[in-house]
Amino acid sequence: MAAALQVLRHLARAPSGPLLLGGPLARLASSMALAEQARQLFESAVGAVLPGPMLQRALSLDPDSGELKVRDRSFQLRQNLYLVGFGKAVLGMAATAEELLGQHLVQGVISVPKGIRAAMEHAGKQEMLLKPHSCIQVFEGAEDNLPDRDALRAALAIRQLAEGLTADDLLLVLISGGGSALLPAPIPPVTLEEKQTLTKLLAARGATIQELNTIRKALSQLKGGGLAQAAYPAQVVSLILSDVVGDPVEVIASGPTVASIHSVQDCLHILNRYGLRTALPRSVKTVLARADSDPHGPHTCGHVLNVILGSNALALAEAQRQAEALGYRAVVLSTAIQGDVKSVAQFYGLLARVAGARLALPGPGASVEEDERLCELAADLQLPDLQLKEALEAVVGARGPVCLLAGGEPTVQLQGSGKGGRNQELALRVGVELRQWPLGTVDVLFLSGGTDGQDGPTEAAGAWVRPELTSQAAAEGLDVATFLAHNDSHTFFCRFQGGAHLLYTGLTGTNVMDAHFLFLHPQ
């Protein structure tokens, strides 16, 4: 795309910064330029949360004394360090940790996504790979982010390492998004298949990541503080890359080093909400009943230090800086976007209309009804950190192009058997919404991408759209509504304009949820 963009810029005599020009050819150049800038911002957001730099900022080792500093805490190392990890970013985290602490590292076990080592090698990302003859054993599993037998073997190896530690040892735990699927160890008699089926049913009915993890913890040997208990009496330092809204350590990867605050009643409430309580297998009922009568009560994790290394907020802050360097007035709307993808798409579509009307002043602004409807949609989403008022005020004073940034993790209620992910479905739905609102003299582009580089069971990270999407698709014989009805957004984007609207990054080696960019550019 970059080569074609250069040609079109030359033909249209377009500037290198934010641009909009008249005429069909210039408009095509503008579209590609905006898409290229969106991709650059996405890559800058991902680059800010790569494992290596984050660990180097968090860890400091005095080679003479062997004193390890983690933020404001100190630990004495003397060949007594052990390492375990699980998640999409853990391979790179482990490589950095071994580079920094290898002289003290005795043994390690990590559970990472299937194929990630080959992907990193193919991409030339040597910094994400362990050195030859590493003392860290690598298990690959959880294909398509689903727990499987390979991930179960990894979890049991991690538990075995933790249970062998003593009070003189220090366990370094590396956690990132995808950790739940990579650390499955169901409490007998629950089988992996039973737990997986229940998780799939909950996800298909729109359960949030918090609700999914509440159920996972109740049925797991290692989640909900189970790993910390297995490692006791060793000290535990847990370094966490957050992929959950609000960065709650008890939710990320289902909180293996954080005592669970949820009860059996919480689990039953969730199961009732999604109509699954009566369909539970006998084994699940047995485990929940046993936990309800546990005489020991909840576990504590006083021997654990949990540290958040990176988050969606850090990624968006870097994208905001880069957008401002490109000449945009950039505002972070929220790092906690969640809720049904349909509602989120409606919010972004109307936001483009309301913000665009303010940017196009003088001229016909958005109606009072549109303003009120936008506030209603925002209230329905219940976003705790939403800066809507501040963003709209910034748009009024922008006098130029605007980039509104947000992040989080919407949910998709599956209705069909198509192929896609929440980012591609969100982008497609926003494309439909943009067509419904008059945008006047403001050009708009929306991008949604997963920071791990993999949106659902596809090789794309996400997609970008413009208001012309539905009409251009119809001209190609593509009915957007049909694809959405089958949750088949990836197939749509593969066919639409030869796949030009798909965002490809490859596996990034990190994971801090999704990034959403809304570009508003006055013509």
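Author: Let's start with Lys-88, which forms a salt bridge with Asp-452; their closest N and O atoms are 2.6 Å apart. The two sit in distant parts of the chain, 364 residues apart: Lys-88 in the loop between strand E4 (81-86) and helix H4 (90-101), Asp-452 in the loop between strand E12 (442-450) and strand E13 (462-465). Bear in mind that this is a predicted model, where local features need pLDDT of at least 70 and side-chain atom pairs count only at pLDDT 80 or more, while totals for chains, interfaces and linings use all residues. Residues are numbered from 1 along each chain as its sequence is written, and side-chain values use heavy atoms, with hydrogens and water left out.

Reader: What counts as a salt bridge, and how many are there by this rule?

Author: You need a side-chain nitrogen of Lys or Arg within 4 Å of a carboxyl oxygen of Asp or Glu. By this rule there are 19 salt bridges. As for the element names, helices (H or I, at least four residues) and strands (E, at least two) are DSSP runs, numbered from the N terminus.

Reader: Are Lys-88 and Asp-452 buried or exposed?

Author: Buried means under 20% relative accessible area, exposed over 50%, and partly exposed in between (1.4 Å probe, protein chains only). Both Lys-88 and Asp-452 are buried.

Reader: Which residue forms a salt bridge with Glu-409?

Author: That's Arg-422, with the closest N and O atoms 3.1 Å apart. Glu-409 lies in the loop between strand E11 (402-408) and helix H16 (422-436) and Arg-422 in H16, so the pair ties together parts 13 residues apart in sequence. Glu-409 is buried at 19% relative accessible area, while Arg-422, at 28%, counts as partly exposed.

Reader: Where do I find Asp-443 and Arg-466?

Author: Asp-443 is in strand E12 and Arg-466 in the loop between E13 and helix H17 (469-475), 23 residues apart. Their side chains meet in a salt bridge (2.6 Å, N to O), and both residues are buried.

Reader: Now a helix. Which residues of H3 are buried?

Author: In H3 (residues 51-58), Pro-51, Gly-52, Met-54, Leu-55 and Ala-58 are. Seen down the helix axis, they fall within an arc of 170° (taken from the directions from the axis to the C-beta atoms), so they line one face of H3. On the other side, Gln-56 and Arg-57 are exposed.
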